[in-house]
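Me: I have a structure open that is new to me, and I would like to go through it piece by piece. Could you look at it with me?

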Amino acid sequence: MTLQLVSRTQCFDGAQCQYSHRSQVLDCEMRFSIFLPSQAERDQRFPVLYWLSGLTCTDENFSQKAGAQRMAAELGIVLVIPDTSPRGDSVADAEGYDLGKGAGFYINATQAPWKPHYQMYDYIVKELPALVEENFPVSGRRAISGHSMGGHGALTIALKNPGRYLSVSAFAPICNPIACPWGEKAFAAYLGEDRSTWGEHDASVLIGRAVEKLPVLISQGEEDTFLDQQLKPNALEAAAEAAGYAVNIEYHAGYDHSYYFIASFIEQHLRFHADYLLAH
């Protein structure tokens, strides 16, 4: 696959870049952002944190709003930020913000009209890392994180792929999508009405099946308007306790669902991942 450089901006002596490429998995043109610390120009390889964004977002929201580059530069961690769905005129879409473009949910769709393009799970787990590891000075040491829908993606992908990631974190993740309006709408469309298949993409279900117990950090704002109806961290807490899986969920008074919340605690998350990505 050929990468096309869209933009490059110097940032904390490193480079914040955006690339486009033709995705074979999604059958469309895709963009992703990547932050390369200044050390990445040397002859060595660096660990990667994959960041999955939330509903309505593209690869640009995190790179422009989270303020993660300063700490990533200091620690020597590459940030890879994919888009949230396939894009293009030929890609199926829907009315509303919570289905279709901008709302891929990081799963592989099995239903029409979504199946031809909405294969975001395979894109995040397989195609994009292979592309990154072929074209940039990165190692095979990976961590994954995300926000909201992306927090759901980070948790489920990490739980379904033992040995692939060293740590996982999330901000305000959708913890129990099979039992919330966002998840029920998306899963019914992408996966079909047979709810027995939905649990394969629900962190509160998967944590009870986990064969590997990764370090997990979750940050949740107590003033998040989506907390009770859509996010449901209590379901994940209960499932983790029943499974004997240590999950660190921190609640923060006064914080909401916005990127102000992410910017306030992104340094903590990057340092958390660095403990595992940079360990010898």
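Me: Let me start with R195: how accessible is R195?
Reply: R195 counts as partly exposed, because its relative accessibility is 45%, where buried means under 20% relative accessible area, exposed means over 50% and partly exposed is in between, with a 1.4 Å probe and protein chains only. Please keep in mind that this is a predicted model, in which local features need pLDDT of at least 70 and side-chain atom pairs count only at pLDDT 80 or more, while totals for chains, interfaces and linings use all residues. Residues are numbered from 1 along each chain as its sequence is written, and side-chain values use heavy atoms, with hydrogens and water left out.

Me: Which side chain meets R195 in a salt bridge?
Reply: That is E184, with 3.3 Å from N to O; a salt bridge here is a side-chain nitrogen of Lys or Arg within 4 Å of a carboxyl oxygen of Asp or Glu. The pair links distant parts of the chain, since E184 lies in helix α5 and R195 in the loop between α5 and α6 (203-206), eleven residues apart. Helices (H or I, at least four residues) and strands (E, at least two) are DSSP runs numbered from the N terminus. E184 itself counts as partly exposed, because its relative accessibility is 30%.

Me: How many salt bridges are there by that rule?
Reply: The count comes to eleven. One of them joins E200 and R209 at 2.6 Å, N to O, and both ends are partly exposed, E200 at 36% relative accessibility and R209 at 47%. There is also a network, in which salt bridges that share partners join R70, E74, E267 and R271.

Me: And what about D122, buried or exposed?
Reply: D122 is buried, with a relative accessible area of 19%, whereas K126 counts as exposed at 52%. The side chains of these two, D122 and K126, meet in a salt bridge of 3.8 Å, N to O, and both residues lie in helix α3, four residues apart, which is about one turn of the helix.

Me: Switching to rings, how many aromatic pairs are there?
Reply: There are 16 aromatic pairs, counting rings of Phe, Tyr and Trp (its six-membered ring) whose centres lie within 6.5 Å, with planes under 30 degrees apart called stacked, over 60 edge-to-face and the rest tilted. Among them are F105 and F187, whose ring centres are 6.2 Å apart and whose planes stand at 75°, so the pair is edge-to-face. This pair links distant parts of the chain, with F105 in the loop between β5 (78-82) and α3 (120-135) and F187 in helix α5 (residues 181-191), 82 residues apart. Both F105 and F187 are buried.

Me: What does W114 pair with?
Reply: W114 forms an edge-to-face pair with Y190, at 5.4 Å centre to centre and 85° between the planes. Here too distant parts of the chain are linked, as W114 sits in the loop between β5 and α3 and Y190 in helix α5, 76 residues apart, and both residues are buried.

Me: Which residues form an aromatic cluster?
Reply: W51, F62, F171, Y255, F261 and F265 form one aromatic cluster.

Me: Now the strands: why is β4 described as largely enclosed?
Reply: Seven of the seven residues of strand β4 (residues 46-52) are buried, so β4 is largely enclosed by the rest of the structure.

Me: Which strands does β4 pair with?
Reply: Two strands pair if DSSP finds at least two bridges between them, and β4 runs parallel to strand β6 (residues 138-147), joined by six bridges. β4 also pairs with β5 in the parallel sense, over three bridges. Y50 takes part in both pairings, with I144 as its bridge partner in β6 and V80 as its bridge partner in β5.

Me: Last topic, how many cavities are there?
Reply: There are two cavities of 30 Å³ or more. On a 1 Å grid over the protein atoms alone, a cavity is a set of points where a 1.4 Å probe fits but cannot get out, and lining residues have an atom within 4 Å of a point; grid points are joined across faces, edges and corners, and a volume is the space filled by probe spheres set on the points.

Me: What lines the largest cavity?
Reply: L155, L159, V168, I207, V216, I218, L236, Y245 and V247 line the largest cavity, and the elements giving two or more residues to that lining are α4 (149-160) and β8 (216-221).

Methods:
On a 1 Å grid over the protein atoms alone, a cavity is a set of points where a 1.4 Å probe fits but cannot get out, and a pocket is an open set with protein on both sides within 12 Å along at least five of seven lines; lining residues have an atom within 4 Å of a point.
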